[in-house]
Amino acid sequence: LIDLRERFPQPNAERRPTLSPAAQCTVLYHLQRGLLTDISLKDIAQRVHYSPMMMTKVKDELEAAEVCKIVRSGRSMVLEFSNTGRSLWKQVNPQLSSPIKKTRWALWENPGSQALLAGMSALSARTMIAADRLPTYALPLKIFQDLLERGICVDCSDSENATSKIEVWSYNPQLLSENGVVDSLSLYLSLRDSADARIQQQLEKLIEEVKW
């Protein structure tokens, strides 16, 4: 018998210079909200609100980046991270990027529970630094677009007529947030390129206070 079916080997996942938003969100969840070891990829997908297909891509990406390896546990494939806590943070930090896709000024009179403090507003809430004149909030793109379409939030061309500054994030900040403020590690990533020495000083304190 001759098997004439064509088979093409799957190429190994290429190592990206930075992690994708889904992969970054998964690692930050593991570091801050709950360990993702010893649970199936399907369960991880449910926790981080990504599809099983996306989780498979994340798994391949994290393995290519040597952040973790894939091991079998019974019938399931699980993630085994190469480091834990602060050591993992230091390892993966160079591959992480700011979650901010774009920043907009907006007229938003009554922000609800979905409005998470971000940027300088969040840093002010967590440290001794003063906040900016207008509050800054983080929203995923889908929710921001929905608010605009419903007229709850109105786009402004500049800060003069705005009541808030909106950061549109590449992943859902609600997944990692606590007490109405974006998570510390994402906040650090969103501000770490600031040239302000005062901000850099407070960011260092922010990381020191993370409970690994």
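Entry 1. Before looking at single residues I noted the cut-offs: a residue counts as buried under 20% relative accessible area and as exposed over 50%, and anything in between is partly exposed. I also noted that the model is predicted.

I began with glutamate 66. I found this residue in the loop between helix 3 (52-64) and strand 1 (68-73). Is glutamate 66 buried or exposed? Its relative accessible area is 53%, which is over 50%, so glutamate 66 is exposed. I then looked up the backbone: phi of glutamate 66 is near 60°, a positive value in a residue other than glycine.

Entry 2. Next I took asparagine 179, which also has a positive phi, about 55°, without being a glycine. I located asparagine 179 in the loop between strand 7 (164-169) and helix 7 (184-191). Its relative accessibility is 73%, and because that is over 50%, asparagine 179 counts as exposed.

Entry 3. I stayed in the loop between strand 7 and helix 7 and looked up proline 173, which is found there. The relative accessible area of proline 173 is 0%, so this residue is buried. Which residues are in contact with proline 173, leaving aside its neighbours within four places in sequence? I listed Leu116, Ala138, Leu139, Pro140 and Val182.

Entry 4. I turned to the whole chain. I counted 8 helices and 7 strands in its secondary structure. The C-alpha trace spans about 75 × 40 × 30 Å along its principal axes. Of the 212 residues in the chain, 42% are buried. I also looked at contacts with a separation of 6 or more, and 71% of them join residues 24 or more positions apart.

Entry 5. I looked up helix 1, which covers residues 21-32 and has 12 residues. From its first C-alpha to its last it reaches 16 Å, close to the 16 Å expected at 1.5 Å a residue. How many of the 12 residues of helix 1 are buried? I found 11, so the helix is mostly covered under the 20% cut-off. Among the buried ones are Ala22, Ala23, Cys25, Leu28 and Leu31, and also Gln24, Thr26 and His30. I then asked what covers them; the cover includes helix 2 (41-48), helix 3, strand 2 (76-81), helix 4 (85-92) and helix 7.

Entry 6. I looked at how helix 1 meets helix 3. Their axes come within 9 Å and cross at roughly 80°. Angles of 65 to 115 degrees count as roughly perpendicular, so helix 1 and helix 3 are roughly perpendicular to each other. Helix 1 makes this contact with Ala22, Ala23, Thr26 and Val27, and helix 3 with Met54, Met55, Val58, Glu61 and Leu62. By class, I sorted the residues of the contact of helix 1 with helix 3 into 7 nonpolar, 1 polar and 1 charged.

Entry 7. The contact is made by Leu41, Ile44, Ala45 and Val48 of helix 2 together with Pro52, Met55 and Lys59 of helix 3. I noted 6 nonpolar, no polar and 1 charged residues in the contact of helix 2 with helix 3.

Entry 8. I looked up the nonpolar cores. The largest has 50 residues, and Leu28, Trp89 and Leu123 have the most contacts inside it. Helix 1 gives the largest share of this core, 7 residues. Apart from it lies another core, of 10 residues, including Trp108, Tyr137, Leu139 and Leu147. For leucine 123 I listed contacts beyond four places in sequence: Ile129, Leu187, Leu191, Ile199, Gln202, Leu203 and Leu206.

Entry 9. Last, I looked up glutamate 209, in the segment after helix 8 (197-208). Glutamate 209 is exposed, with a relative accessible area of 55%.

Key:
Residues are numbered from 1 along each chain as its sequence is written. This is a predicted model: local features need pLDDT of at least 70, side-chain atom pairs count only at pLDDT 80 or more; totals for chains, interfaces and linings use all residues. Side-chain values use heavy atoms; hydrogens and water are left out. Helices (H or I, at least four residues) and strands (E, at least two) are DSSP runs, numbered from the N terminus. Buried means under 20% relative accessible area, exposed over 50%, partly exposed in between (1.4 Å probe, protein chains only). The expected span of a helix is 1.5 Å times one less than its number of residues. Contact means heavy atoms within 4.5 Å. Axes are lines fitted to C-alpha atoms, for helices over the stretch in contact, and angles run from 0 to 180 degrees between N-to-C directions. Angles under 35 degrees count as roughly parallel, over 145 as roughly antiparallel, 65 to 115 as roughly perpendicular and the rest as oblique. Ala, Val, Leu, Ile, Met, Phe, Trp, Tyr, Cys and Pro count as nonpolar, Asp, Glu, Lys and Arg as charged, and the others, Gly among them, as polar. A nonpolar core is a set of buried Ala, Val, Leu, Ile, Met, Phe, Trp, Tyr and Cys residues joined through side-chain atoms within 4.5 Å.
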